[in-house]
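Hi,

Here's the model I promised to pass along.

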Amino acid sequence: MVVVLEKNATDKQIENIIKHLEDFGFAVHKSTGVQQIVLGAIGVKPDFDTRKVKILEGVAEVYRITEPFKLASRTFQKEDTVIKIKNVDIGGNEVVMMAGPCSVESEDQIFTVAEIVAKSGAKILRGGAFKPRTSPYSFQGLGEEGLKLLRKAADKFNLLAITEVMESSQIELIEEYTDIFQVGARNMQNFSLLRDLGKASKPIMLKRGLAATVEDWLMSAEYILSNGNRKVMLCERGIRTFETYTRNTFDLSAIPVVHKRSHLPVIADPSHATGLRDKVLPMARAAVAAGADGLMVEVHNDPEKALSDGPQALLPEQFEELMKHVKLIAEVIGRKM
Ligand code: PEP
Ligand code: MN
């Protein structure tokens with residue numbers, strides 16, 4: 001940690017700051033610059049709250065050098081994590097496509113969409129059975145019936161399945177049907193759920209919270225990893241900003257930022273990030289160009305009648321076109337799709 005002192009810090013204040021740092025367990029190195037004194041506080045303390053130093057009289061700025069996350073960091077593991085699920089590798093050279101409706105709505109709907117996305121080259125079928133809706137009066141998902149339909153449709157078209165888990169009490173049930181658990185944006189900091197998923201045996205896709213920094217997000221991944229489950233992938237799905245022309249703001253730069261800091265695979269979700277069907281194709285291309293290890297895209301056979309997220313769902317022919325485009329982008333950067 002680096003502690004920059006105020007230009008007019010008094011000797012008494014400096015003495016007090018050094019004493020506090022030593023009491024916190026740091027070894028302190030003082031360097032006197034032309035204008036300012038800088039203290040180097042040595043000692044790895046990932047969970048140290050830098051505000052304890054920031055509030056001391058005479059301190060101008062505090063910078064942390066070591067990252068607060070450990071198991072998720074590149075320092076801990078240099079090589080990319082590759083999550084193997086049956087015949088699919090996530091985090092390797094191949095860009096993996098996850099696609100399907102926002103919600104599983106009926107047998108006819110999920111089988112129709114599964115066939116379409118499989119034909120275009122998707123490897124993983126998405127579909128929510130438990131839906132986190134902003135309004136309690138909106139469609140909440142089919143529950144176990146939805147899980148059964150998702151599994152049957154995935155198996156029929158040789159796809160893996162991913163679906164959202166909203167609370168710990170659902171883990172056992174969902175684990176019977178899914179290949180990957182999705183943790184939604186609204187649950188990114190549901191720490192008891194994350195802890196319990198750390199004990200699950202199936203991989204987890206952790207979506208970024210609506211107002212989460214990359215560090216918050218990686219700390220949430222740390223909850224799962226530190227409880228024993230090392231099969232964690234992250235999903236950038238847009239964050240809330242002041243912009244209103246899109247549903248969220250797609251933070252594309254988070255993809256290379258996370259890749260530099262962490263070995264975990266990063267999936268990108270241009271559907272929730274933009275909220276509008278006509279923005280999904282260009283942002284899917286951009287996400288692959290930025291290095292996403294996979295995409296999650298919403299597709300519906302009849303989006304106008306969809307029970308959730310219809311306006312952002314791609315029509316079957318649009319999904320086919322998207323697959324062609326992202327394949328080309330993947331090739332340009334030396335990846336497969
Ligand atoms: C979803 O995937 O349908 C979903 C609700 O996503 P998010 O948690 O990113 O809003
Ligand atoms: Mn959705």
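Below is what I found around the two ligands.

Before anything else, keep in mind that this is a predicted model.

Let's start with ligand 1. The space it takes up is the largest pocket, and there are 13 residues around it. Arg126, Gln182, Ala185, Lys207 and Arg237 come nearest. Sorted by class, that shell has seven charged residues, plus three polar and three nonpolar ones.

- Arg237, at 2.6 Å
- Gln182, at 2.8 Å
- Lys207, at 2.9 Å

How much of ligand 1 does the protein cover? On its own the ligand has 300 Å² of accessible area, and the protein covers 97% of that.

Now for ligand 2, the manganese ion. Its coordinating atoms come from Cys102 (SG), His272 (NE2), Glu298 (OE) and Asp309 (OD), at distances of 2.1 to 2.4 Å. If you want to find these donor residues in the sequence, their spacing reads C-x169-H-x25-E-x10-D. Cys102 and His272 link distant parts of the chain, being 170 residues apart. Cys102 is in the loop between β7 (96-100) and α3 (107-120), while His272 belongs to helix α9 (residues 270-274).

Cheers

Conventions. Residues are numbered from 1 along each chain as its sequence is written. Chains are lettered from A and ligands numbered from 1 in the order in which they are written. This is a predicted model: local features need pLDDT of at least 70, side-chain atom pairs count only at pLDDT 80 or more; totals for chains, interfaces and linings use all residues. Side-chain values use heavy atoms; hydrogens and water are left out. A residue is near a molecule or strand if one of its heavy atoms lies within 4 Å of it. A polar contact is a pair of N or O atoms within 3.5 Å; within protein, one must be able to donate a hydrogen and the other to accept it, and residues adjacent in sequence count only if both atoms are side-chain atoms. Accessible areas come from the Shrake-Rupley method with a 1.4 Å probe; for residues, only the protein chains shown count as cover. On a 1 Å grid over the protein atoms alone, a cavity is a set of points where a 1.4 Å probe fits but cannot get out, and a pocket is an open set with protein on both sides within 12 Å along at least five of seven lines; lining residues have an atom within 4 Å of a point. A molecule sits in a cavity or pocket if more than half of its atoms lie within 2 Å of its grid points. Ala, Val, Leu, Ile, Met, Phe, Trp, Tyr, Cys and Pro count as nonpolar, Asp, Glu, Lys and Arg as charged, and the others, Gly among them, as polar. Donors are N, O and S atoms within 2.8 Å of the metal (3.2 Å for Na, K and Ca); water is not among the atoms, so sites may look incomplete. Helices (H or I, at least four residues) and strands (E, at least two) are DSSP runs, numbered from the N terminus.
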